[in-house]
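Please view the sequence and the model together while reading.

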Amino acid sequence: MATKINYPLVAGDKGLVETPASGISPTVALIAGWLVPGAGHLLLGKWIRAALLTVSILCMFAIGIALKGKVYLPNTGEPLDILGFAGDLGSGVLYGLARLMGWGQAPVLVAVADYGTKFIVVAGLLNIVAAVDAHSLASGRKRS
Amino acid sequence: MTISQFSAVLLFSLFTSVVFGITQRAEPRMMVRFGAFCFVLFVGGTIAASWVMWLIKH
């Protein structure tokens, strides 16, 4: 006999098929959250969390640029540069904007610029964490 | 723009802790607690590591 499952699901449940608990597709929440920091949570109606995530990630990225951090390119051939590029790409539209506007420095010339490079990479990585969180909320894997 | 190393630590810890708090806990009260915990660990860990490096040098 089929049993109706009340969503949201609790993390750790096994054998249950995940369906959206909010009406927003988890994939849409994930992609929106990746492209624009905080947008995934905004779609799910989590206004305060969305605002805090947007401000945090945006500020980290902006500080990184202001410190003359390096914006990685995809085709340098260096393994560490590829990892840096993957981190930078996590910022979504912000990375595209930085490339488009020519923000960031190619060579790191001063000590604080290296901090800037790390700020930019970590902003991207944090944005990925936030987007995955939006996906979990939308799918019901995370309760609230 | 130039900032001191300690300011960079504080800013990095603040923003990272906010994101960790929101994403790693489900209840708002626990989010604040975990965010504060992360912030203290980031800053405290950096200060501790700084003293270790100073002791190694001297």
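## Packing of helix α1 in chain A

In this predicted model, the buried residues of α1(A) pack against α2 (39-43) and α6 (111-139) of chain A. Helix α1 spans residues 26-35, and its buried residues are A:Pro26, A:Ala29, A:Leu30, A:Ala32, A:Gly33 and A:Trp34. A residue is buried if 20 or more other C-beta atoms lie within 10 Å of its own, exposed if 12 or fewer, and partly exposed in between, with C-beta atoms placed from the backbone.

## Chain A as a whole

Chain A has six helices and zero strands, in the order α-α-α-α-α-α along the sequence. Helices (H or I, at least four residues) and strands (E, at least two) are DSSP runs, numbered from the N terminus.

Of the 144 residues of chain A, 46% are buried. Among contacts between residues at least 6 apart in sequence, 70% join residues at least 24 apart; a contact requires C-beta atoms, placed from the backbone, within 7 Å.

## The setting of A:Asp81

A:Asp81 belongs to helix α4 (residues 79-89) of chain A. This residue counts as partly exposed because it has 15 C-beta neighbours inside 10 Å. Neighbours within four places in sequence aside, A:Asp81 is in contact with A:Tyr72 and A:Thr76. A distance of 26 Å separates the C-alpha atoms of A:Asp81 and A:Leu53, which are 28 residues apart along the chain.

## Confidence and conventions

The model scores ipTM 0.92 and pTM 0.86. Chain B has a mean pLDDT (the predictor's confidence in each residue, from 0 to 100) of 96, and 100% of its residues reach 70 or more.

Residues are numbered from 1 along each chain as its sequence is written, while chains are lettered from A and ligands numbered from 1 in the order in which they are written. Local features need pLDDT of at least 70 and side-chain atom pairs count only at pLDDT 80 or more, whereas totals for chains, interfaces and linings use all residues.

Conventions: Contact = placed C-beta atoms within 7 Å.
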